[in-house]
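Dear colleague,

Please find below the structure that I am handing over to you. A short account of its contents comes after it.

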Amino acid sequence: MKSPDPVQCLSVRKTQISPLCIVNSSVMLWFPDKLLVVTVATKETDGYRRFLRTAKHFNYTVKVLGRGQKWKGGDYMSAPGGGQKVRLLNEGLKEMKDDHQIILFIDSYDVVFASGPKELLKKFQQAKHRVVFSSETLIWPDRHLEDKYPHVREGNRFLGSGGFIGYLPNIKELVANWTGDDGDSDQLFFTKIYTDQSKRKSINITLDNKCRLFQNLHGALDDVVLKFEDHQVRVRNVLYDTLPVIIHGNGPTKLQINYLGNYIPNTWTFESGCTVCREDLRSLSALQENEYPLVVIGIFIQQPTPFVTVFFERLLKLQYPKNKLKLFIFNKEAHHQRQVQSFLKDYGSLYEKVTVIEPEEEMDGACVFFFSDLCRRDQDCDYFFSLDIEVVLKNKDTLKILIEQNLPIVAPMITRAGRLWSNFWGALSGDGYYARSEDYVDIVQGRRVGVWNVPYVSNVYLVKAGLLQRELKDYELFSSSDPDMAFCHNIRNKGIFMYVTNMHTFGRILSTENYQTGHLHNDLWQIFENPVDWEERYIHENYTRIMKDKLIENPCPDVYWFPVFSSVACNHMIEEMEHYGKWSGGANVDNRIHGGYENVPTIDIHMTQINFEKDWQKFLVEYVVPITEKMFPGYYTKAHFELAFVVRYKPDEQPSLRPHHDASTFTVNIALNQVGLDYQGGGCRFLRYDCSIQAPRKGWALLHPGRLTHYHEGLPTTAGVRYIAVSFVDP
C-alpha cells in the first residue's frame, strides 16, 4: 500500500479513520489523542510535580502507575534497579485494548517535556520503527554486553531505559516476558532484548541515536545547551544539531535537569521573564493576624559579627504578627550577650515564645538540627525560618513573601555589597562544592529575575514544617561540621527541591572578616569591611540630599555647614572616647604631635590613640572631600591630615578656646552632642567677619579654611559637656 497523504488523514474525523491512514495496522501519527504518556510514580515529589506541569503545558495525556505503593525498585542512581517499573507497566498494559494506541513510557521524577505531542509523534514516525528507545553514550549496567550492540555510523550506540515510545502491541510484546524481581535492573532487561537480534527485529526496535526525541544527560552534559526561542526555551544537542522533545536527568545528572528545568519549556524566557512564579501561591492577604501560620525563627550567632544591634532592630520591624513567631536564639559568642539580653529585655515579651542557648551551654553546629527539630515536634509549627546573625534583612515583608511562594524550601537572595557572593550556589563541583552556573551572575545582578531551583542555600531560608514532620521525619539533616553543607546535601539526596527568589530586593550579608572586638563600639571600625552598613548606621539620613535639596548652609563667609553624622555615630564616638578615657591635660607640651609642642592646646583624644586614623581618613575621603571640592572649586584634596581628634569642653575643665588659626588648608569640625540638651553655651566665632555659630547642630559639620582668613575662637561652654570632632586637613 502506498504511503498515506497527511492531508487526507487530517480531513478524516477521529471516529472514522480512513484506510489510507492505516500503515502496518497502526494509526497514522496525525492524531495526538492516540498518544498516552505512561509513567511510574509511587509518591508525589517535587520532580514529579515539575514533570506534570510541563506535560500539562503541552497538553499531554498522562497515566500514572504505582501511585501510593511502596517503592521496591532500589536506588538505581548508584546500582542497578527499576524492575518494579517494568512489572507495573506490564500490568497496566493488560487493560489497554486499542492496538492503534501509542505509548510513551518515561521516568517522571527527573524528566521535563521541551515540546508537544505533534513534534514527538512526527519524529517517532520518521524513525520508521514501531518502538524507539532513548540512547546513551555510556553502557549500563553490564559493560560485557558492549560487543553485542549493533554498530552505528553516527550517534549514540547504547540503550537508555528511561524513555521509549511505541505502538501498544509492540510495547506489550516488549515487556510480556518480564519475570524479574522489583529490584532487578530494567535497563539490563531491555538491553538484553535489544541486543538479541531476533527479538530486536520481531518487536521492531531502534534507538534514537541522535537524540531527536530523547535527551539523556548522563555522559552528554557537554553536548547540550539552552536555546532561547520566541517565548519558549529548548535544549539543543550541539553534537547532532537536534532539539530533543524529552529531557531526562538520568543517573547523577539530577542537578543539571533542575538547572534546565528553570527554563524549559517556558519557565523563564527573555520575553516574559518568570512565567510560573505567580502560580500556586499561598496568599496571606485575606487572613486575620490570628490566622497567620506560626513560624519558628532560629537565629544563629556563630562568630563575632558587626551590627548585631541593627539586626535585632530589623527583626523587630518584620511585618508579621509577633504572637505568631517563636524565637530560638543560639548565641555562641559571649561578646554578643549584651545585645541579645538588651533586645529580649525590651521586646522578648512581644513574641509567642523565646528560647535562648547561651555560650556557656556549649552546643555545636547541631544547634540547627535542635531548633528545626523543635519545629518538627511542635504540631502548631507551620514553618521553620533559619536566620544567621550576619544577614541584613532590609525587606520588612521578607517572611510574608517567602510563605506566599508556597515552596518546600525557599531562600531570599541576598548578596555581599559590591561582590558576586550570595547565599546560593547555581551549581556544584564534582566533589560537592561551589561551581558557577552559566546564569549565576545574571541572577545575582538582577538581569534574570525569578524563582530558581538551586542545589545549595545558606544563611537564611524558610522550610515548610510539613517537610520536617513527614518527608524528613527522623532524618538527621545537620550531621557535619558545616551544617549548611550537610543540610543541602541531605535535602538533595531526598529529591527535595530548594529555591532562591530574587523577585524582590531582600537585603545583603555582612562580612565578618577582620571584625575586632577590642573596642566599646566595634562597628565604628567597619567602614572598610561593610561600607554600606557603616553608612546606614553612621552617616546622617539627609547626607545624600545635600546637593539635591541644597542643605548646605553658609552661616559665615566661606564657612559651610552640612549634616554628616547620624545621632548614633555621635553617641558612639563620644562613648568610645570616654571608654578609652586618656584625655590630654590641655598643656602646650604634647608628645603625641610632631615637634612635641601644641600652640593652642585642647583637652582631647587623638584618632591615632584609638587606632581610628585609617577609618577616619576613609570617612573624610568618602563624605567630606566631595563637599569640599564642590564648595571650593578648583581645589582637590587627598584628605591628608596630621591631626584629627575629639575635643571635650567643660566649664570646670576647659570651657573655651582662645583665638587662633588652624594648621590646615581647611578644617572639619563636627558637633557630637546637642546644645541646650547636653550643654549650654559653646559655638564658634570667626573674628575677621564678626560672625558666630552659637547653636551647633548634632551631627552637622562646619567646613572652613584653616589659615590666614578664618581666625576663630571657641565660645565658652557654660554648663554640661560639649564634644566636637576636629580634623586639620592638608596641613
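Predicted model: local features only at pLDDT ≥ 70, side-chain atom pairs only at ≥ 80, totals over all residues.

Residues are numbered from 1 along each chain as its sequence is written, and side-chain values use heavy atoms, with hydrogens and water left out.

Five cavities of 30 Å³ or more are present. On a 1 Å grid over the protein atoms alone, a cavity is a set of points where a 1.4 Å probe fits but cannot get out; a pocket is an open set with protein on both sides within 12 Å along at least five of seven lines; lining residues have an atom within 4 Å of a point. A volume is the space filled by probe spheres set on the points, which are joined across faces, edges and corners.

The largest cavity has a volume of about 70 Å³. Its lining includes Trp 561, Cys 684 and Arg 722.

The second largest pocket has a volume of about 680 Å³. Of its 41 lining residues, Glu 598, Val 600, Leu 643, Phe 645 and Phe 728 lie nearest its centre. Strand 33 gives the most to this lining, with five residues (strands are DSSP runs of E, at least two residues, numbered from the N terminus).

Asp 549 counts as partly exposed because its relative accessibility is 34%, between buried (under 20%) and exposed (over 50%), with a 1.4 Å probe and protein chains only.

Key
Helix = DSSP H or I, 4+ residues; strand = E, 2+ residues; numbered from the N terminus.
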